[in-house]
Amino acid sequence: MQMLITCLYLVGITAEAMTGALAAGRRQMDWFGVMLVASATAIGGGTVRDILLGHYPLGWVRHPEYLMITCTAGVLTTLIAPWVARNRRLFMWLDAIGLVVFSIIGSNVALDMGLPVSIAIVAAVVTGVFGGLLRDLICRQSPLVLHKELYASVSLLSSAVYIGLMKIGLDSVTLVLSTIVIGVTIRMAAVRYSWHLPVFHFADDSALVKAEKK
Amino acid sequence: MQMLITCLYLVGITAEAMTGALAAGRRQMDWFGVMLVASATAIGGGTVRDILLGHYPLGWVRHPEYLMITCTAGVLTTLIAPWVARNRRLFMWLDAIGLVVFSIIGSNVALDMGLPVSIAIVAAVVTGVFGGLLRDLICRQSPLVLHKELYASVSLLSSAVYIGLMKIGLDSVTLVLSTIVIGVTIRMAAVRYSWHLPVFHFADDSALVKAEKK
Amino acid sequence: MQMLITCLYLVGITAEAMTGALAAGRRQMDWFGVMLVASATAIGGGTVRDILLGHYPLGWVRHPEYLMITCTAGVLTTLIAPWVARNRRLFMWLDAIGLVVFSIIGSNVALDMGLPVSIAIVAAVVTGVFGGLLRDLICRQSPLVLHKELYASVSLLSSAVYIGLMKIGLDSVTLVLSTIVIGVTIRMAAVRYSWHLPVFHFADDSALVKAEKK
């Protein structure tokens, strides 16, 4: 079971690293920039989670090979970018699987530390979302995840489903597979039907704004 | 006394979360974005401080209800945004109180860890300032706190006053209340009379360096 | 030997703080902004490294005088900005020395924690590069280090040279001096001959983009 999670995790970080590399390429970064953005996208979420929880050593410090994978995937992407761009659908699936697996891992880290369920869910969302957030901050683009993508919600739901099924006492294989099927289905449905959270649009009364700018 | 600080802290994070939510609304973020920016604004300063000092577990990991409060306050703000915008003066007061309370808490955390006074003051400033800084980074707006607002200075002065009065041996009730009165007074005076630190204007074309912007 | 490294480290953070202050001045920040950007540029790399490695307490928490130095250097720079700007060549040398010294210190921190060589090299690069990255994020300018400057590579090579010579069994004085000479030479040659890593330019085929935006 642990091996399945690890395998899916590796697929997930590879896919995330490749989409991160494309974002770096849109900004004409050099290879170092590509490797940094690829790695931040793929393992930044887990890194932020571990720093927030004080969960040391970080995953990639214990397993430097993860960092090698994301850097290699990033540089490789510079060679096969057109193929990656053409296979958007494939990457959407890999990204969805990665998101759910990241959420499962994030929940597990918090639960293993003896933290409450609410923090386990927060840990899942941080793991799932902060990679993309860091990518967008470094690439200086408006964080998509904060606007109209049902990404954090899928992470939250996956984590809730996972913890809920765990409480029922499901065996770990069924538990992980069910969570992945449910989570990926929600994610792909969200993409397919453009589900999204309500957007908050706030425009300052311009007179007020001017008064406060003085 | 501890309860008074906790109460004022809760008022402070609620007010900060609401102003954070407005900033998210100006960027048309969805509810997740609103909750993230609200939480980052309200408890991001304390989080950065605790990470820098290695002070684990973080406040909101120990008390997940703080996170619930900031998320709820953020989403609530989407419903009552015009009321919040109309009551700018009220929020300016709450923000000033929050700033001083954050500074007191930040100083206490560092002093309780046995760190020197200079680091306690830095901890206070980080607690007071980094929430707004994170908000501005996520919302991709120029950090106001770095330009013309006497915010960091108020935090620094509040912390210095607090530690100074503590050394004199004031009892804790008088100590906290005096610090709040002095800190809030300085903050509101700074807003009222537009006090600000000297601005450093540097233009690259060599000799055209002005010591200060007009 | 330790004293030579400390001296060069102090020269390095002073020089970095001064260039950070100039970046803040280009954004018309106030004195607090200047001190924050100066400090982030000078000691932000080491701070990020220590947080990633869980290496507490942070350097400047143990030695608050480092922070005093960067803040003072920052504010001083507002007074002598034209002189700093005129002496670009001097600062390029100091910056190169600082970069190599930061890389040596970063490698040492990781090796002293018993971490593998690959992580020691990552620690060196983080120490060398993240100060400038933080500066550019706070000043909201495109991170130069990710585009065309051979900065991360010099840090990586310096760290590799340092660890390689260490394995050979060089005494520590020769070890540090050789690394500095080699690293600074590479850095200055990179500047002189405009060496840079390959740049990855990726432009979305706009038809594809439209398809994916739907």
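This is a predicted model: local features need pLDDT of at least 70, side-chain atom pairs count only at pLDDT 80 or more; totals for chains, interfaces and linings use all residues.

Biologist: Nice. How is chain C laid on chain B?
Modeller: A turn of 120° does it, with a shift of 0.0 Å along the axis and an RMSD of 0.0 Å. The two copies are thus related as by a three-fold rotation axis.

Biologist: And which residue of chain C comes closest to that axis?
Modeller: That's C:I51, with its C-alpha at 4.3 Å.

Biologist: OK, on to the interface. How much area do chain C and chain B bury between them?
Modeller: About 2700 Å², with 73% of it on carbon and sulfur atoms. On the chain C side, C:Q28, C:D30 and C:F32 supply 23% of the area buried against chain B, more than any other three residues.

Biologist: How many salt bridges and polar contacts are there across it?
Modeller: Zero salt bridges are found between chain C and chain B, but six residue pairs are in polar contact.

Biologist: Which helix gives the largest share of chain C's side?
Modeller: Helix 4 of chain C, with eight residues.

Biologist: Why do the copies meet through different surfaces?
Modeller: Only 13% of the interface residues of chain C are also interface residues in chain B, so the surfaces differ.

Biologist: Last topic: what about the largest nonpolar core?
Modeller: That core has 209 residues, and A:W60, B:W60 and C:W60 have the most contacts inside it.

Biologist: What does A:W60 touch?
Modeller: Among its contacts are A:I43 and A:Y66 in chain A, and C:L52, C:I119 and C:V122 in chain C.

Methods: Residues are numbered from 1 along each chain as its sequence is written. Chains are lettered from A and ligands numbered from 1 in the order in which they are written. Side-chain values use heavy atoms; hydrogens and water are left out. Copies are superposed by least squares on the C-alpha atoms of residues with pLDDT of at least 70 in both. Contact means heavy atoms within 4.5 Å. A nonpolar core is a set of buried Ala, Val, Leu, Ile, Met, Phe, Trp, Tyr and Cys residues joined through side-chain atoms within 4.5 Å. Buried means under 20% relative accessible area, exposed over 50%, partly exposed in between (1.4 Å probe, protein chains only). Buried area is the accessible area (1.4 Å probe) that two parts lose on being put together, summed over both. A salt bridge is a side-chain nitrogen of Lys or Arg within 4 Å of a carboxyl oxygen of Asp or Glu. A polar contact is a pair of N or O atoms within 3.5 Å; within protein, one must be able to donate a hydrogen and the other to accept it, and residues adjacent in sequence count only if both atoms are side-chain atoms. Helices (H or I, at least four residues) and strands (E, at least two) are DSSP runs, numbered from the N terminus. Lists of a residue's contacts leave out its neighbours within four places in sequence.
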